[in-house]
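Please have the sequence and the model open while reading.

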Amino acid sequence: FGQEIASRLAFTADATTWSGSALAGSYALARVDQEELWSPAEDVETSTSVIIGGRLAISEDQWKHAETLPMRGGLAARLILDAWKSDSSGLTALLNGAAAVAIFDPDSGLHLFTDCLGAYPVFLGSNGFLCSHPDVLAEAMKKAGTPVEIDHTSLAECIATGTTSQPHSYWKQIRMLEPGAHYTWSGRETIAPSQEFYWQPAFPSREESDDTIVADLASALKTAVKLRTNPRFGNTLVMLSGGADSRLALFCADSPSNVDCVSVCDEPNAETETAAALAKAAGASHEILRCTPDYYGENAERAVRVGAGMHSLIDAHFAGFRDQLMGRDPGVMLTGCYADYLLKGLSLNRRYKRLFGKALPVYRQSDFSFQYYHPHCELGEAWQSRVM
């Protein structure tokens, strides 16, 4: 059963899968990266084991420390095990990056740490099953004898906006766990876990100057990219546009001149020219991949399978280029998608002030509208009323 679930979590033929027993249950894992870094690990002395979904952002000094540890398995999981054994209260300092960490401890039960921003989702079924993919979780629940029902409100939300919203999935019996949280299942029959938050966002003080806030943000972004482009991962691939977000990923990389850059477009345009100029300035390679007129439709099935249909098809930019991208043997791939919401204030309900009907480069607060927070499609009259 575990291996069957692992194969369903593997979206590509070159994924490595693991399955096994832990405490009173079993686990399954699928990954497409280096086993020596990311495979599960076990401490034989205490019979405690760790599995990681996603990737932690770990410094080179931490990687080197993990290489000295006596546990069996991947270095990242060894690092977590060591922190859990020596000072479990300090473990959360390691939970940087889009990753969920599960610790199977015979003395205290199953511990699950979700990532700070919910970038790597974990879903909980009504029967206590956990999974990063709600459709795979629904299949597992059905096989175990727990019925699941479609949530038509989530379907309506996706038709209207192109996505669903946390904590909801397409299944009434399946919900996404909270980000930045530590969940504990302490007993064999425990379905509902205890929960505590280990991280909350800290906002800049009103006393801080704009220059200080900008400098802090720039430093954080540089550090984030550097951690994710460590040479031990292998080649770095950046999906490069002409925008601020992807150029940040390129020029903050550990070694920009060694980065492979790829741009996706319908046909070459001003943006691809800008991307080519950026790659040239960095001394990096650059390739343009062109979409066919039916690209998004042709790759819709694959995009739905990977994302459980919980994301907009028109944003599945890379689903059809997997073979070309993997041909470059990337160890890490970075894209600037969604940084616009952070850097450009797209979710602020504002509009331009106008003079004689012309927009001025000055904003004022606008009235509430769904469109500022997430676009709502205007459908035909029959569908619109049913969706709303």
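Is H111 buried or exposed? H111 is buried, with a relative accessible area of 6%, where buried means under 20%, exposed over 50% and partly exposed in between (1.4 Å probe, protein chains only). The model is predicted: local features need pLDDT of at least 70, side-chain atom pairs count only at pLDDT 80 or more, and totals for chains, interfaces and linings use all residues. Residues are numbered from 1 along each chain as its sequence is written, and side-chain values use heavy atoms, with hydrogens and water left out.

**Surroundings of H111**

- H111 lies in strand β7 (residues 109-113); helices (H or I, at least four residues) and strands (E, at least two) are DSSP runs numbered from the N terminus.
- The side chains of H111 and T184 are joined by a polar contact of 3.4 Å, a term for a pair of N or O atoms within 3.5 Å; within protein, one must be able to donate a hydrogen and the other to accept it, and residues adjacent in sequence count only if both atoms are side-chain atoms.
- Leaving aside residues up to four places away in sequence, H111 touches W84, V101, A102, I103, D105, H182, Y183 and T184, with contact meaning heavy atoms within 4.5 Å.

**Salt bridges: count and rule**

- Side chains of opposite charge can pair when their charged atoms come close.
- A salt bridge is a side-chain nitrogen of Lys or Arg within 4 Å of a carboxyl oxygen of Asp or Glu, and the count by this rule is 15 salt bridges.

**R232 with E60 and E67**

- R232 and E60 form a salt bridge, with their closest N and O atoms 2.8 Å apart.
- R232 is in the loop between α7 (210-228) and β13 (235-239), while E60 is in helix α3 (residues 60-67), so the pair ties together parts 172 residues apart in sequence.
- R232 is partly exposed at 23% relative accessibility, and E60 is partly exposed at 28%.
- R232 also meets the side chain of E67 in a salt bridge (3.2 Å, N to O).
- E67, in helix α3, and R232, in its loop between α7 and β13, are 165 residues apart and link distant parts of the chain.
- E67 counts as partly exposed, at 44% relative accessibility.

**R322 and D14**

- A salt bridge joins the side chains of R322 and D14 (2.8 Å, N to O).
- This pair links distant parts of the chain, 308 residues apart: R322 is in helix α12 (residues 322-326) and D14 in the loop between α1 (2-9) and β1 (16-22).
- R322 is partly exposed, with a relative accessible area of 25%, as is D14, with 43%.
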